[in-house]
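Q: Hi! Could you walk me through this one while I have it open?

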Amino acid sequence: MTKLIEEITLGLSQTTLKNRIVMAPMTIQSAFFDGRVTQEMVDYYASRSGDAGAIIVESAFVENYGRAFPGALGINHDSKIAGLKTLATAIKAKGSKAILQIYHAGRMANGELMVATNRSLPVLLPLYAITQKPRSR
Ligand SMILES: Cc1cc2nc3c(=O)[nH]c(=O)nc-3n(C[C@H](O)[C@H](O)[C@H](O)COP(=O)(O)O)c2cc1C
């Protein structure tokens with residue numbers, strides 16, 4: 001039990017965590033429709049940072065066609081970097097390391113969640129995201 005509060009250095013990255021308490025990734029579905037970080041997310045993660053050695057930020061889709069749920073966080077485009085940097089900075093400022101989980105939903109991806117690159121559909125697709133129901137398997 002004493003090891004829980006001892007620091008640990010992770011092998012590959014050689015990053016040292018101040019203790020062995022890590023917050024598991026938990027999706028809060030609070031990103032913008034295109035997957036960018038919202039201020040709500042920054043505040044949420046900042047409030048949970050500090051005591052844990054690391055915070056694993058919820059799963060982020062790596063590709064637009066790999067989304068699984070509305071409000072998911074994305075790391076699929078350079079436009080996401082600024083928001084993710086703000087999020088990481090907020091976590092690290094409180095003393096925890098920031099880790100990001102990445103995913104692609106594969107055959108479980110939900111086509112209704114794709115954000116249009118076609119500018120003629122700027123409103124309809126976000127509404128789809130709000131009203132979509134889980135599909136049956
Ligand atoms: C609301 C919610 C969202 C979650 N989102 C993710 C996620 O994004 N990625 C993931 O790997 N697990 C996710 N999980 C699973 C948790 O990380 C955790 O593994 C699960 O709650 C089991 O916890 P335990 O290992 O302490 O039993 C989520 C769990 C909950 C309750």
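This is a predicted model: local features need pLDDT of at least 70, side-chain atom pairs count only at pLDDT 80 or more; totals for chains, interfaces and linings use all residues.

Q: Good to know. How many helices and strands does the protein have?
A: There are three helices and six strands. Going along the sequence, they come in the pattern β-β-β-α-β-β-α-β-α.

Q: And what share of the residues counts as buried?
A: Of the 137 residues, 23% count as buried. As for contacts with a separation of 6 or more, 71% of them are between residues 24 or more positions apart.

Q: Let's look at helix 2. Where does it run, and what is its reach from first C-alpha to last?
A: Helix 2 covers residues 81–93, 13 residues in total, and reaches 18 Å, close to the 18 Å expected at 1.5 Å a residue.

Q: Which of its residues are buried?
A: Those are G83, L87, A90 and I91. Viewed down the axis of helix 2, the buried residues fall within an arc of 100 degrees, so they line one face of the helix.

Q: What do they pack against?
A: The buried residues of helix 2 pack against helix 1 (39–48), strand 4 and strand 6 (97–103).

Q: And which exposed residues sit on the face turned away from that buried side?
A: I81, A82, K85, T89 and A93 are the exposed residues there. Just after helix 2 you'll also find G95, with a positive phi of about 105 degrees.

Q: Switching topic: which residues surround the ligand?
A: The ligand has A24, P25, M26, T27, E58, S59 and Q101 around it. By type, this shell divides into three nonpolar, three polar and one charged.

Q: Back to phi for a moment. What about Q14?
A: Q14 isn't a glycine, yet its phi is positive, near 60 degrees. You'll find Q14 in the loop between strand 1 (8–9) and strand 2 (16–17).

Q: Last one: where is N64?
A: N64 is in the loop between strand 4 (54–61) and strand 5 (73–74). It counts as partly exposed because it has 17 C-beta neighbours inside 10 Å. N64 and H104 are 40 residues apart in sequence, with their C-alpha atoms 8.9 Å apart in space.

Technical notes. Residues are numbered from 1 along each chain as its sequence is written. A residue is near a molecule or strand if its C-beta atom, placed from the backbone, lies within 6 Å of it. Ala, Val, Leu, Ile, Met, Phe, Trp, Tyr, Cys and Pro count as nonpolar, Asp, Glu, Lys and Arg as charged, and the others, Gly among them, as polar. Helices (H or I, at least four residues) and strands (E, at least two) are DSSP runs, numbered from the N terminus. A residue is buried if 20 or more other C-beta atoms lie within 10 Å of its own, exposed if 12 or fewer, and partly exposed in between; C-beta atoms are placed from the backbone. Two residues are in contact if their C-beta atoms, placed from the backbone, lie within 7 Å. The expected span of a helix is 1.5 Å times one less than its number of residues. The arc is that of the directions from the helix axis to the C-beta atoms.
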